[in-house]
Amino acid sequence: MIKLTRRTLLVGTSALMAAGTMSFRARAASRTYHALLVGCTEYPALPQRNWLIGPKNDAGLIHEYLLKNVPDPVRFKPENVTLLAKDVPGAKGLPTHAGIKAALADLAAKVQRDDFVYLHLSGHGAQQPEMIKGDETDGLDEIFLPVDIEKWVNRDAGVPNALIDNEIGAAFDAIRDKGAFIWAVFDCCHSGTMTRAVDVEDEFERKIEFADLVGGDKAARAAAIKTYDDTVASASRGLDDNGQRKPAFNLMTPTGGEPITKGKLVAFYAAQTVETTPEMPLPKGTADAPRFGLFTFTILQKLAENPNVTYRQLGQAVLQQYSADSRNRPTPLFEGELDARVFGTDKTDAVMQWPIVVKDGEATIGAGLLHRLTPGSKLAILPSALSSLTDAVGYLEVQSAKNLESHVTPVEFDKKPALKLADIPAHAYARVAEIAVDYKLAVARPAPTKGLEKETAFVNSVLDELAAAKDTGFNIELADPGKSAELRLAVLRENAIAGAAKNASDKPALWFLPASGDMTLKDRSKPPLIIIHSDDRKRLVDATTTNLRTIFRATGLSRLAAASDYKPEDVDVQFQIKRRDKDGLEPLQASAVPRVSPGDEVHVLARNSSDQLVDINVLYVGSDYSITHIVAERLAPKATLEEGLLAFTDTSFGMERMIAVLTEAPPESEKEDLSFLAQDGVASMTRGLGPASFSDMLADIGMAPSTRSVMRLGDKSGPKGAVMIFPMETVPRA
């Protein structure tokens, strides 16, 4: 897959120049913060199979977060937050077409310059043939579906009561014309072209077929569906003129045509126009967890963990979490003023700490599962918010946690005895004392397949053996078919999927699928598989062991991004793409998933702006879970690394990742070299006590830790570290 094209290592004295920035704190404290939250669940005009559950939970969770958890000086007052949803506390009405339009018009009437507006729409999205000829490059209008949509009968009128992208854009422009800043999040999908090879009971796609939106008699319905199908067949299917993904809704006005006073816009989209986005019980592994949109929950989770981010950094964090969860689809999109800070706040040092509330013999903090606090998490008890960790008077352990609240109890930890609740100082804070990363890989067993029951049982017996075995190089937890998992297995014939190669046989095979259970053979992508020989158990054991070990290492490296503690101003890493047929380099944005093709190249530009030595390793994780180690260099303070890394070939295609690993280098230490993580890809065989440093956590990936890695935090902790993930999709050259 990879051809190394090493160029020149440049070690210079240039450093990043910090541009002067004005403080937004006073402005944030004086401006008005508005929000409109829309959660569409029940659609009376649609079959009940198209009804949703998650959108109202999305709206309710965001409502709670905005009113209680957004850090100072941001203030969303209840009277400025409009919630439109059914059966959600605090809702001010149903999310009908008229209700949403009225709420948007009300915002446009009352916002003032420099106000902030947060807009969140969760529900069904869809597409319809464009109402204005030539208005859309692909001939399709993107639409959001309020709960009172009706069947599509009149070709010229579109889906009755649907919100068309132009309509949404006009409503946003009316708000922005007043000088207000908009952050809009769309947790909906439009259409889907993926093939789901296995059922996933815990996930429900926010997808609606156009046929379900069409009304009229049989002939009229057939004609309407044909019009739609013909348009889709000739459409560019979600790509712009350069072959890159385009946003679902056309909201951005060309910058040159905007008045200077017009408010800025940031838009987050859960999926591109040819993808679906799921809702599921979240957080994963939590008993009786409510169903949320994956996109909504991940945004809030990343924001709760670090509110001190720009929109671009938040988008990157979402993509990194998807990667850590082995989720190749959907592909979220982010556009607009991405380098602004979330909620327009001042740049501060975000600290994971919260006031301790002791009441009625219990202690609680205003943080929970969204902040990655789970039962067993340890927190230091500090006399004040400004105290250092060395001032800890004791420790707390999380006993139970909800999304935004945890019950905690004092425990003996780090040579300090457990305090009594009464001895916890007034106005004390709880601060995270250690970071844990769980490497265990959840694997869903294959469901019985008609005609292949014997082979399925054979595979399950092998999985039982491997799950109990030691020294396999991986640590898996088996889940029942369809349950929450990062890796899904399926027993199907090699030629069972549409689009299979002509030479594919009808032999039974064990397929290795992503968390969504989707399988695509589009653009020459192909999930790995192993042909099953029922008379040769050792052969299946060995092949499955190899594949699981490979996948375990690749996913473990992605998960370690959660433990990163470098900040962008310390070390800046950029990847750049050199297109085969173009001059110059284009930045590989951390908040985007570009499409690349054979002949394109990847280059790296890294700057160490800190006053410490920093080791940088660059690895490439392929769609087949291969890991190629490309660079291991030590950067002196203020030094720069600029280097050509690789050129793509035509040997494999799919979702792949560039990964930069940063580790602070203690004086006179050996250079961190992660070449031991290199591995071949998954074969398609058709023939206790945690470590004390980030480096030790990296080493654990290669040793398959039995439970998890833990990095103890402190004011003088071990060397810093970070894992930065830059996803991309390799496709054949058109």
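Colleague: Which residues does Ser-406 touch, leaving aside those up to four places away in sequence?

Modeller: Ser-406 touches Ala-363, Thr-364, Ile-365, Ala-367, Gly-368, Leu-373, Val-398, Ser-400 and Ala-401, where contact means heavy atoms within 4.5 Å. This is a predicted model, in which local features need pLDDT of at least 70 and side-chain atom pairs count only at pLDDT 80 or more, while totals for chains, interfaces and linings use all residues. Residues are numbered from 1 along each chain as its sequence is written, and side-chain values use heavy atoms, with hydrogens and water left out.

Colleague: What lines the largest cavity?

Modeller: A cavity is a set of points on a 1 Å grid over the protein atoms alone where a 1.4 Å probe fits but cannot get out, and lining residues have an atom within 4 Å of a point. Among the residues lining the largest cavity are Leu-319, Tyr-322, Arg-327, Met-655 and Glu-656, and helix H7 (311-324) and strand S35 (654-664) each supply at least two residues of this lining.

Colleague: How do the residues of that lining divide by class?

Modeller: The lining of the largest cavity has 6 nonpolar, 3 polar and 3 charged residues.

Methods:
1 Å grid on protein atoms, 1.4 Å probe; cavity = no way out; pocket = protein on both sides within 12 Å on 5 of 7 lines; lining within 4 Å. Helix = DSSP H or I, 4+ residues; strand = E, 2+ residues; numbered from the N terminus. Nonpolar A, V, L, I, M, F, W, Y, C, P; charged D, E, K, R; others polar.
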